[in-house]
Amino acid sequence: MMQWIFALALLPLIAQGYIIKEDESFLQLPHYTSQEQLEDLFARLAKAYPEQARVHSIGRSLEGRNLLALQISRNARQRPLLTPPVKYIANMHGDETVGRQLLVYLAQYLLGNFERSLEIGQLVNTTDIFLMPTMNPDGYALSQEGNCESLPNYVGRGNAAGVDLNRDFPDRLEQQHVNQLRAQNRQPETAALAEWIVSKPFVLSANFHGGAVVASYPYDNSLAHNDCCEESLTPDDRVFKQLAHTYSDNHPIMRRGNNCNDSFAGGITNGANWYELSGGMQDFNYAFSNCFELTIELSCCKFPAASSLPSEWARNKRPLLELLKQAHIGIKGLVHDASGYPIPDATIVVSGLEDKPIRTSKRGEYWRLLTPGIYSVYAAAFGYQSSPMQQLHVTNENAEALRVDFKLTPVESNFDGISSYYNPYFFRH
């Protein structure tokens with residue numbers, strides 16, 4: 001409430017032409033934040049902003065380092081109903097470091113400016129933001145500042161065991177028993193992230209890398225298993241292209257599409273069309289959860305000198321903010337029964353996009369990212385009659401997604417059976 005009062009108080013000043021200066025003091029004396037400094041910074045931010053910030057340990061790396069995420073929201077203790085959860089993850093490859101520091105900056109920027117800026121205040125008040133600067137702290141510890149390419153034998157790219165974490169996730173094209181067998185050897189960083197992804201109703205995500213400058217979207221592999229140069233598209237290709245363009249179009253270098261001896265039309269690419277990989281995190285997000293994830297390549301040099309970080313922040317600040325806002329496109333709402341109780345694990349089905357149903361959270365919430373257009377949508381749940389089809393006009397012209405609720409009535413006949421809606425990797429909360 002205090003943030004809204006403060007925001008209202010700003011309006012007369014803005015109307016009179018006063019400019020509230022943003023706080024970007026974190027850019028002074030640029031340096032890379034170590035694991036110890038990161039833990040201390042997040043603890044201090046959570047103490048300074050107890051309502052808006054909360055530190056989460058998602059798990060531990062192979063060498064025992066904390067995998068930390070900072071939650072930033074209007075109420076970090078209890079997410080307000082229908083507030084979409086979004087995550088940004090960086091440093092999956094330990095020697096690709098620009099994204100790591102950008103998320104450290106973004107955490108300080110959001111918390112330092114949500115009472116100074118109407119835009120940032122609205123973003124924090126309407127979005128549940130999770131920032132994980134490093135998924136691979138062990139690999140980072142082995143990497144060296146100033147190295148634009150990976151070290152010999154890719155030391156630092158992988159984790160402490162030398163495993164490339166972006167090849168270690170359950171793969172959508174492998175049979176379930178194969179994924180289960182591989183789970184026995186899955187790296188702790190991958191296992192922790194996979195569990196986190198499927199246990200929270202994330203809507204949107206970005207995974208930050210280095211070595212190129214482009215926004216990549218799923219799929220990363222195909223049934224043909226080509227090396228490259230053939231697209232492998234999701235049912236939501238229009239949404240993914242919009243998300244990728246949101247980042248690229250707002251980035252002064254990425255949008256040109258010609259960087260690092262690569263050429264990408266509009267600064268975006270389908271992952272498989274660039275080069276194929278299996279076991280990647282962005283495909284895992286889309287195939288095994290509700291979450292739409294992009295892979296954002298930020299810089300030609302993987303581990304540039306720290307002196308370049310303020311310039312990287314200047315280039316990426318606007319894309320980072322605009323992508324967060326994309327969590328509010330499409331439709332959202334609640335699915336409940338005739339008594340008003342929420343129905344968890346119900347499915348939201350969009351005509352023409354039946355291959356990607358969206359499932360409700362344990363609170364009966366859903367968010368369905370859509371581009372502008374006319375859609376026919378219905379809700380279904382095990383033990384309930386499906387709702388009548390609703391025709392919706394999605395414009396994405398408002399600050400929040402179009403609200404569409406569904407009420408389901410139970411089926412009259414009772415029978416024993418196992419719901420086909422359940423998936424062993426789908427979120428359980």
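Q: Before we get going, what is the radius of gyration taken over here, and what's the globule rule?
A: It is taken over C-alpha atoms, and the rule for a globule is 2.2 Å times the number of residues to the power 0.38. Keep in mind that this is a predicted model.

Q: OK, so why does the chain's value agree with a compact globule?
A: Because a compact globule with 429 residues would have a radius of gyration near 22 Å, and the chain has 21 Å.

Q: And what does the C-alpha trace span along its principal axes?
A: About 65 × 60 × 40 Å.

Q: What's the secondary structure like?
A: The chain has 11 helices and 18 strands.

Q: How much of the chain counts as buried?
A: 55% of the 429 residues do.

Q: Which residues have the most contacts inside the largest nonpolar core?
A: Those are Y88, L110 and F208, in a core of 82 residues. Helix α3, residues 98-113, gives the largest share of this core, with 10 residues.

Q: What does Y88 touch, leaving out residues up to four places away in sequence?
A: Its partners include L103 and L106, then F130, L131 and M132, and also A206 and F208. L320, L323 and L324 are on the list too.

Q: What's in the second, separate core?
A: That one has 21 residues, among them M132, M135, W196 and F202.

How values were computed:
Residues are numbered from 1 along each chain as its sequence is written. This is a predicted model: local features need pLDDT of at least 70, side-chain atom pairs count only at pLDDT 80 or more; totals for chains, interfaces and linings use all residues. Side-chain values use heavy atoms; hydrogens and water are left out. Helices (H or I, at least four residues) and strands (E, at least two) are DSSP runs, numbered from the N terminus. Buried means under 20% relative accessible area, exposed over 50%, partly exposed in between (1.4 Å probe, protein chains only). A nonpolar core is a set of buried Ala, Val, Leu, Ile, Met, Phe, Trp, Tyr and Cys residues joined through side-chain atoms within 4.5 Å. Contact means heavy atoms within 4.5 Å.
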